[in-house]
Amino acid sequence: MSIFTELKQRFITLLSQPNVRQFNCLSDHLDWIKIEIIVEQLESVQDSLWLHWLKQQPTFPHFFWQNRSNNLLLAAIGAVKTFSHLECAEQFSQQLGIKLVGGLKFEGECQFILPRLCIEKNLQKLTACLYLNKQNLAEEIQTCLALLANIDKVADETTAKPQIITTNAVNDFDVWQNNIQQAIDKIKQQEFRKVVLANATTFIFNQPLSAYDLLAISQRKNLGCYHFLWSEQPSQAFIGSSPERLYKREALQLRTEALAGTATVTSDVEQTDRNRLWLLSDQKNIYENQLVVDDICEHLEDCVTQINVNSAEIKRLHNVQHLRRKIQATLKDQVSDADCLTRIQPTAAVAGLPRLPATQFIAKQEGFERGWYAGTFGYISPQSAEFCVNLRSAKIQQNQITLYAGAGIVEASDPETEWQEIERKALAMAGLFVA
Ligand SMILES: C=C(O[C@@H]1C=C(C(=O)O)C=C[C@H]1O)C(=O)O
Ligand SMILES: [Mg+2]
């Protein structure tokens, strides 16, 4: 029996119990019921299973998130409550002692949900939770039964190979070069020290694309990355495979990082290793990274009791390698995830330093709205939280895909080199469909 058939049968049995109202209440005075199923030893399945399951679920939104150390995977369908204010989401999660999933767009818009059904996999342990509102319980049970009717269905990975018809970038090289020159002028005038400029490239295909299939391919190719998918309606989704952690919190322990500074990775092993050594000692890249360290430390300063920055190491990916400095801190009591998120996001790795003039420059010059790109996805809960930075990502709408990639611009930046850098970063997604 598949895990989904097992969950379906067990949930239907639990929902049919006459005392469902009492024994699963999250708390006497609250409106919500949680029905939980735990499977301690899930047999090994491929990570793509959860995406192929989502692909077949008619209940939206869909949320998928897998951390880069691959010991936590979340797959959720439906929303019984949505939050557009971080503090409200935080308060709700605290009160009920539950996880909420979602994130923040680059421009700051907040979107968290309490899913109808949330499946969580920690290594071999699986926890599935169904949430119902106590107020109109009879109706809620019917809605859940309708959702459960379909949860044993899993899609096949398509063999279809959509063909590219046209490609169009928001900024061509001339516009890019001009934007970088303007950024460098502003840096010289001391309006800011760094700004991260991005491009958006749209590919139109001869047939619709499956966000689920693309992300499943990416899971196998972009190793050591967070993988995420957010879809509010059929045929539209935002996906990505990002190397960058925004932060991970366990109780008061916070882990974050400065990931910035880039060199090429190719199939030439020796050249790639020379690039690694060059990156570790290149002043422009070290400076680019240092500004991210400064930004994070400054923003966390008054809400931590200690903070420690590790020395630089290399985070190696399929097409690029980055300089990374890990940062550990202990939060003061009472510091919330709402605090952490608003302080850390968007870091100087995706916005710039100082944050305000950099984001204003981006909004004015870049030529498109970033939305979920360079935003963050993850979860909050009273015990822990984890978020990634939504890089190496794409927006899919029917037969169109828009890829996003950016690069940190500092005074020593060269437009040509930065252009090559964003082209290589875009390969994390483009490499999945451009032969
Ligand atoms: C902005 C992006 O990446 C960021 C910029 C980097 C750089 O400029 O060296 C490196 C890693 C990321 O923090 C992106 O991938 O779009
Ligand atoms: Mg760079």
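Guide: Let's take the second largest pocket: β8 (194–205), β9, β10, β19 (393–397) and β20 (400–409) each put at least two residues into its lining. Strands here are DSSP E runs of at least two residues, helices H or I runs of at least four, numbered from the N terminus. Keep in mind that this is a predicted model, with local features needing pLDDT of at least 70 and side-chain atom pairs pLDDT 80 or more, while totals for chains, interfaces and linings use all residues. Residues count from 1 along each chain as written, chains are lettered from A and ligands numbered from 1 in written order, and side-chain values use heavy atoms, without hydrogens or water.

Back to the pocket: β9 brings the largest share of the lining, four residues. In total 21 residues line this pocket, and K105, F238, W372, K395 and Y404 lie nearest its centre. (A pocket is an open set of 1 Å grid points with protein on both sides within 12 Å along at least five of seven lines, 1.4 Å probe; lining residues have an atom within 4 Å of a point.) By class the lining splits into nine nonpolar, seven polar and five charged residues, with Asp, Glu, Lys and Arg as charged and Gly among the polar ones. Its volume is about 400 Å³, counted as the space filled by probe spheres set on the points.

Now slide over to the largest pocket, at about 710 Å³. β9 (226–233) and β10 (236–242) turn up here too, each giving two or more residues to the lining, as does α7 (211–221). α7 gives the most, five residues. The whole lining runs to 35 residues, with T158, P162, L209, S210 and D213 nearest the centre. Its make-up is 19 nonpolar, twelve polar and four charged residues.

Zooming out, buried residues make up 56% of the chain's 435. The fold comes to twelve helices and 20 strands, and the C-alpha trace spans about 70 × 55 × 40 Å along its principal axes.

Definitions and conventions. Buried < 20%, exposed > 50% of the residue type's maximum accessible area, 1.4 Å probe, protein only.
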